[in-house]
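Please examine the structure shown below with its sequence alongside. The paragraphs that follow lead through it step by step.

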Amino acid sequence: MTSSSPAIRAEQLRAQLHHHGHLYYVLDAPTIPDAEYDRLFKELQALEAENPDLITPDSPTQRVGGQPLDAFVSVRHAMPMLSIRTETDTQASGAQAFDTRIRKELSLTESDPWVDYVAELKFDGLAMSLRYEHGVLVQAATRGDGEMGEDVTQNIRTIGQIPLKLVKPPAGDSLFDASAWAVPEVLEVRGEVYMARADFEGLNERQRARIAQGMKGEKTFVNPRNAAAGAVRQLDPSIAAERPLSFFAYGLGEVTPEAQGGPRFDTHYELLMALRQWGFPVAVQTSVVQGAPGLVAFHQRMGQARDALPFDIDGVVYKVNRLDWQRQLGFVTREPRWAVAHKYPAQEQLTTVQAIEVQVGRTGKLTPVAKLAPVFVGGVTVTNATLHNETEARRKDVRVGDTVVVRRAGDVIPEVVSVLAEKRLYEAQIFTMPNTCPVCGSAAVREQDEADHRCTGGLFCSAQRKQAILHFAHRRAVEIEDLGDKLVEQLVDAGVVNTLPDLYRLGFTALASLDRMAEKSANNVLASIEKSKQTTLARFVFGLGIRHVGEATAKELARHFGTLDAIMDATLDQLLQVADVGPIVAQSLRTFFDQAHNREVVEQLRACGVHWQEGQPTAGASLPLTGQTFVLTGTLPTLSRDQAKEMLETLGAKVAGSVSKKTHCVVAGAEAGSKLDKANELGIKVLDEAGLLALFAQHANQRSDSKPTPL
């Protein structure tokens, strides 16, 4: 029930949105659908548009807003943002040395217990100070020189993980005494703005697409840290909002003193738990450990997990847990004595390009790869680095002999991120993608609006063998039930199967000789292969793996032309007459069938006994259910979902995944659920399996040139 007062309703909406935003961005545990959150957000937007005086700085609608700035304003930190001393020894001895020093400075003897430390991750991002007054974010500032930073509040508001208004922890709902954690009048939170690896890769993919489209001023980013820093320092907050940023909290700056009602903490870990209660994300890897053994174990554990983390780290941080001991240890120059950063091996290094070769992937994508002078980076020796595609190689202007920066982060393939042009040799040559596949000699093409070159010899190219076989055997293609990934790997690696027709020439002896292939299993595989010889034209065309030709397009081609020969010989103009076929798909079909070796593979498959029932072309004709949309839901008594779908599509119907006002009919089985409910709500006709079979029988023999039959 909503309040009749706009002010009260706006406050209710802000509270709900803050609560659900915290659940979504920080706890990763949403309790409402995105659509419901959007509905609440739009209601608040409309309310504020009608009543501008209701807009508050902490309103969720203000995350992306404000006019572009001419320049950033300088900010003096109330408490300096000090740096932490770095331990350059990347081995376990670095942790042991820190513990030895701490025990000595605390005058602890061998008989005294181990020191408790908080072990944290050292994020590879941008340090940030967030100032809250009365629980509301009022300012965000970069570290700068430690004394002075830049006001980047407008951009920081766009980060969903940073609360605009602090959460008030309920009493009794925390590890510690939450009643003592009332939100202080002034609270400065220190932490790191970063970009997750997946978000960084997605951002660069979008940037590459823009570059390929000829958009000026666009570039890819070197690494997640640079991308995050660039986003934070955008003068236009709407641009910053497009960059996917995240945040971790790890400390405090200025805070209202305990004597004036501020919080009281005995340990650094309690402080971190308070930050979590107030609504900030704190890395789950953060741990309390004991003494040097605990530090060494944490350093090793995080080093092993480093590649699997969703974000970059370049080390770990150790902090004495007891705050009274932190105060006792104090500072040296501008560094705390009670903390140290323990690094891992660097993830960027310099090396030289010895050659540029082109590799062919499983799907035919051609990728230029820089062959490097061996260099130790990210914990491993790297000799190859991807250049992605010709556009990217040209943009970075990578040439043989160049000195380059190589990066390896996580399990990402090493890449060349930049070139030191001042060290370039005079004879260095610009890279050009070859016109033919370096593996099979087929034409290499780059389609319109795409950045990648691809080999056109899909059924012939040995680099694409495994992928082509697996796709052909897929259950929606010719369906060879017992032919899985591991078996295809063995067959190809052993040289038993080199092309698709070789599958149908397999004998028992060759199969049984493979590892872990028992007699029964070999017979099952042979039976599945034999069964797959009887298929449909649509399944066969889909199984050929022609680029851009999916299952639906293959069905339209089969319906339109009726025979495989007609499809293979169709001109571009004839192909463009097919529903679901545009210029790109038509050209892809012609390119595929213009390759003599692809036609040869097709003919060999026919000679091996792969067959289907060919029908009359339906070009210019309508099927009984043409133009009608069906939805399948629930479990039918005897028909599988695929069988029911195929029956409907045979009659010209389109089978959709969701019910809407445009749906003509829903076929419902057991446990149909929400789709059936929606169909009944909209008054859409519903059939059971018996009704579907009756409909199919009614139209099965109907002439293909008849008019569509209404339900």
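Leaving aside residues up to four places away in sequence, Ala 522 touches Phe 508, Leu 511, Ala 512 and Met 517 in this predicted model. Ala 522 belongs to helix H16, which spans residues 519-532. Is Ala 522 buried or exposed? Its relative accessible area is 0%, and because buried means under 20%, Ala 522 counts as buried. Arg 225 provides a contrast in position: 297 residues separate it from Ala 522 along the chain, and the C-alpha atoms of the two are 53 Å apart.

A pair of helices may be considered next. Helix H12 (residues 465-472) packs with helix H13 (residues 485-493) at an angle of about 135°, and their axes are 10 Å apart. Angles over 145 degrees would count as roughly antiparallel, and those of 65 to 115 as roughly perpendicular; H12 and H13 are therefore oblique to each other. Their crossing is right-handed. On the H12 side of the contact are Arg 465, Lys 466, Ile 469 and Leu 470, which meet Asp 485, Val 488, Glu 489, Val 492 and Asp 493 of H13. Of the residues in this contact, four are nonpolar, five are charged and none is polar.

The discussion now turns to a sheet. Strands of a sheet pair through backbone hydrogen bonds, either parallel or antiparallel. Here five strands form an open sheet with mixed pairing, in the order E2-E13-E10-E3-E9. Strand E2 (86-87) and strand E9 (287-290) are the edge strands, each pairing on one side only. E2 runs parallel to strand E13 (residues 339-343), and two bridges join them. In one of these strands, E13, Ala 341 is the bridge partner of Thr 86.

Helix H8 (residues 268-277) is mostly covered, with seven of its 10 residues buried. The buried residues are His 268, Glu 270, Leu 271, Leu 272, Met 273, Ala 274 and Leu 275. Their cover includes strands E3 (116-123), E7 (186-194), E8 (246-255) and E10 (313-320), together with helix H10 (323-329). After H8 comes Gly 279, whose phi is positive, near 115°.

Terms used
Residues numbered from 1 in each chain as written. Predicted model: local features only at pLDDT ≥ 70, side-chain atom pairs only at ≥ 80, totals over all residues. Heavy atoms only, no water. Buried < 20%, exposed > 50% of the residue type's maximum accessible area, 1.4 Å probe, protein only. Helix = DSSP H or I, 4+ residues; strand = E, 2+ residues; numbered from the N terminus. Contact = heavy atoms within 4.5 Å. Pairing = 2+ DSSP bridges. Axes fitted to C-alpha atoms, helices over the stretch in contact; angles between N-to-C directions. Parallel < 35°, antiparallel > 145°, perpendicular 65-115°, else oblique. Left-handed = near helix turned anticlockwise from the far one by under 90°. Nonpolar A, V, L, I, M, F, W, Y, C, P; charged D, E, K, R; others polar.
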